[in-house]
Amino acid sequence: MKILNSQYAKNFDFIMFFAVILISVTGIINLYGSLSVHHKDFFDPYVIKQIIWFAISFFIMFVIITIDYNTLIEAAYYIYGFILIFITAVLLKGRITHGASRWISLGMFSFQPSELMKIGLIFALAKYFTSYENKKGYSLKGLIIPFTVIIIPVLLIAKEPDLGTALIVLFIGFIMVFLAGIKKSSMAVLAGIALVAGPLLWFRLKSYQKSRILIFLHPAKDYLGAGYNIIQSEIAVGAGRFFGDGFGNGSQSTLDFLPAKHTDFIFSTFMQQFGFLGGLVLIALYFIVIIRGFKIVYRAKKLQGFLLGGGALGIITFHAIINMYMTVGLLPVVGVPLPFFSYGGTSLVVDMSAAAILLNISMRRYKFQL
Amino acid sequence: MSSQYNENGILKGQKNRINLLAVIVTVLLAILIVRLFYLQIVKGGYYYKLAKDNATRVIYLTAPRGDILSRSGKIFVDNESSFNIAVILSRVQKRKTEFKFFARLMHKSYAKILQKVKKEEFLPPYEPIILMRNISIKELSKFEVNKLFLRGFFIASIPIRHYPYGKMGAQIFGYVGPVSSAELKEKKYAYLNSSDIIGETGLEYYYQKYLHGKDGEKRIVVNSKGEPIGNVVVKKPVMGANIYTTLDFSLQKLAYKLMKKREGAVIAVNPNNGIILAMVSTPSFNPFYFSEGISTKRWDSIINNDEHPLQNKGIQNALAPGSTFKAVASLAALSLHLITPKEKIYSGPTFKLGDAVFYNWNPYQNSKVNLYRAIAESVDTYFYSIGVRIGIDQLADYARRLGLGEKTGIDLPDENPGFIPTKRLVYQRYHSRWYKGSTLSAIIGQSYDLVSPIQLLMAYSAIANGGKLYRPFIVQKIVSWNGKVLKELKPKFIRNINIKQKYLNAVKKGLCDVVNKDYGTAVNARIKGIEFCGKTGTAQIISKTYSIYDIKNIPRKYRDNAWFVGFAPLHDPKIAVVVLDMHAKFLGANAAVIAKKIVEKYLEQKGLWKPPLHKKTGKSKKGGKSKSKLPSFIYTSF
């Protein structure tokens, strides 16, 4: 098997791989430690589900690594199109039932197709930019198709409504455009559009979305309302002090003061239990993953690998930084999970897939020299 | 980061962009670490405390209040358990069904119960809401049987003030009530919690610090819904101290029984040391209604009662002493050598001063009388003739020596100092100059004279005991729950009144004649075998231009106040009693009968007197009543 090829094994980024596994395992342990006091049980459904998801995403990772990423890029438009249909279906289903339209229920598990769109998008853009390479940088005219590719899923996701994910998909798209190359004049025009569109977007926001942003600016104004999340999160982080309250002793999570403690605010629960010291270790692990990612992208041999790797790295990096920033009050609250760490299957699968893509690229960087 | 393959398909500019992004990400992570440093190291202590506050709730355990007891240990006020049905909302699973079931079970309206819950909904959900207070045994058993269907409901047994004798002495013991937010801010109440009750009047107020005890504390760990996860009792409550009053239980009971249907006050004291033996004020109120916060309706009915049930009339009320003041006037006149006891002075039915005519209470008075007779028959005109010779300031001096017009210092709140007029004081207070005629009114205890019953009683005690003025006191000792005596109150001698014994004896003889001579004004108060001495008094409420006082046609509130103050036995007095019978139907002589009954009871208890044996059922007092042929239509000031 190709995977056992010594050349592949030699170039496989074990450091990144183990860092990812370490973060995931820490995440499961931390999840156990943050359970509410009255159902602290090793066989808690949260922990069990996360272990199963870990196993599933590990398997997906394995599958992605074994397939040459160039083969995957060949199928990019199909992947993109398939996920787009998926999202549209979910949206229509939500329209009909007037219910939440982000999720697809798979019996015991549920799944968020909009998360998958991130993967679909980086494949589609990588394929497009390698197919229509422009070494001098793209003009606005040349970017019409890629922008359409980006904006369709963004609008659909925003309609769900899941503004956080929509914005992240948009950012990932921009990062890939940036990496592919864009003319300075075009960049200036885009910046201008963003400046005009920002205020316009504000009026299109739902009231809870507006309040999230306002509350970010003045959390104490609405202590028990919209400001509650961010205040409770900062309390949890701060209460950890240097050494932390100890495993399982994060009162903010065990006593349920912290909302979304398993998903969006899992970082805060970790910080209360393990303190500044634990935080440094965890951030160091993310730094290792990200810096190894940069190295892989930097060393990627072909434009395909460079762009795909850049997009995959973008997914992980955006998730990590936005999530941690929001839990410590540096960004408004958006529903973004902490990669490999937060509870939740879809995000674990997406982030693991992104990591797998990076590992895939690193492993195959000498392919054509053999 | 150089790679030999980097030319292959990838531009240099693209690689630079990667480097740029790597730097940006590194800087962003560094900012994150700085932020964490700020939150966890710089402000860690602050957030740590916030997290702990988040999860802990302090519940104060109210210490049971101390008891108030008689001198022998009989309970006047203690605590009892009241059973209340309470609910903790966070434990109720299906609010609507459970509350509906509860309402049906207890025959209450569902809407009303819901309203009660709504009113308390700002409370944290772990805090119990009391739905029904003081439930009956029947309701209790009904609840217990159905307890399984009422999750979150429970019986809360709460100590509340219990008054075994109801209204008796309510103003003396005082009432308690939930502490108000204004009181909580006071420095002296720094030890109180918002859930505490506090003594508002009487002994409950005066000895609040001792009665209260020390509250305990329970810390509860709660989750965000306020559901208790566990709890730790940090501090056990310490019971309040018991207060042993000086009151004699049976005397107190008797005094209340005698006064129950009247408006006024009775105080009995040991004249040799100021120990209060009984003190009642009527009409009284039920202090129980205050203990959990009184309803507006009840409060209004008490506060708008013009007989002032909340007032302790024995000490908080100052009014004209009427003829009881004549003992003071006599002492002044004797000391100033204006009269001698045996000197006879002509006293007619009226006394003229300039154009003004002053009447004697008894229009048939027309003879020369000496001091003894003048006191015994309460001859007003005798005293008027002293009045024209005595200065008001001199008279006030003697009244003040006896403690009139100043606070006695009794250990009860809001004592009224009264008022004894001097020229200067009257000018200061009423901006009026002094007229000679006013002295004539003052000498018979009218016009500006205002004394409280306790002052009058202590003055007569001083006369009885040979000239020593004592501070009256009502609490003898305060004993903690474990038997430690925290405070013991000793009699306090204030001063010698500085009046010669022979003058005191002369006045005492006159006072004894009041009761024991057939022409005395209180013959009906005679006690067989005991020399009971005292003075009746009738104080006008409104000045009358007419001399006929028709008791049947005058509004109750304008009826005169009747007094009696006296002591027994003459030699070696054991008890002194004051009776104030306000707006009385029968006048001073009747007040004397009340005093007599109290004196009899006390001396009987002490083994100093026995009721006559020949009448087993009927009491000897009946005979006394027939003797008192008081003409009720006469304007009296005897």
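B:His431 counts as exposed, because it has 7 C-beta neighbours inside 10 Å and the cut-off for exposed is 12 or fewer. The model is predicted, and in it the phi of B:His431 is near 50 degrees, a positive value in a residue other than glycine. This histidine sits in the loop that runs between α17 (423-430) and α18 (436-443) of chain B.

A second residue with a positive phi is found in chain A. A:Phe340, which is not a glycine either, has a phi near 65 degrees. A:Phe340 belongs to the loop between α14 and α15 (345-363) of chain A. Is A:Phe340 buried or exposed? A:Phe340 is buried, because 28 other C-beta atoms lie within 10 Å and 20 or more are enough for that label. These backbone values deserve a look because most residues other than glycine have a negative phi, and most peptide bonds are trans.

Two cis peptide bonds occur in chain B. One runs from B:Thr282 to B:Pro283, with omega near -5 degrees. B:Pro283 is in the loop between β12 (276-282) and α11 (296-303) of chain B. The other cis bond joins B:Ala568 to B:Pro569, with omega about -15 degrees. B:Pro569 lies in the loop between β22 and β23 of chain B.

β22(B) (residues 561-568) and β23(B) pair in the antiparallel sense over seven bridges. One of the residue pairs is B:Ala562 with B:Asp581, the latter in β23(B). The two strands form a hairpin with six residues between them, and B:Asp572 of this hairpin takes a positive phi near 55 degrees.

β23(B) also pairs with β11 (residues 263-269) of chain B, again antiparallel and over seven bridges. Here B:Val269 has B:Ala576 of β23(B) as its bridge partner.

How many of the eight residues of strand β23 (residues 575-582) are buried? Eight of the eight are, and the strand is mostly covered. In a regular strand the side chains alternate between the two faces of the sheet. In β23(B), B:Ile575, B:Val577, B:Val579 and B:Asp581 point one way, while B:Ala576, B:Val578, B:Leu580 and B:Met582 point the other way. Residues on both sides are buried, and B:Asp581 is one of them.

Back in chain A, helix α6 (residues 113-131) is mostly covered too, with 17 of its 19 residues buried. Its length can be checked: at 1.5 Å a residue the 19 residues should span 27 Å, and the end C-alpha atoms are 27 Å apart, which agrees.

From α6(A) the contact takes A:Glu115, A:Leu116, A:Lys118 and A:Ile119, and from α15(A) it takes A:Thr346, A:Ser347, A:Val350, A:Ser353 and A:Ala354. By type, the residues of this contact are four nonpolar, three polar and two charged.

The last topic is where the chains meet. In total, 44 residues of chain A are in contact with 38 residues of chain B. On the chain A side, the elements that give two or more residues are α8 (163-180), α11 (228-239), α12 (251-254), α13 (266-299) and α14 (303-327). α13(A) gives the most, with 13 residues. The chain A side divides into 27 nonpolar, nine polar and eight charged residues.

Key: Residues numbered from 1 in each chain as written. Chains lettered and ligands numbered in written order. Predicted model: local features only at pLDDT ≥ 70, side-chain atom pairs only at ≥ 80, totals over all residues. Contact = placed C-beta atoms within 7 Å. Helix = DSSP H or I, 4+ residues; strand = E, 2+ residues; numbered from the N terminus. Nonpolar A, V, L, I, M, F, W, Y, C, P; charged D, E, K, R; others polar. Expected span 1.5 Å × (residues − 1). Pairing = 2+ DSSP bridges.
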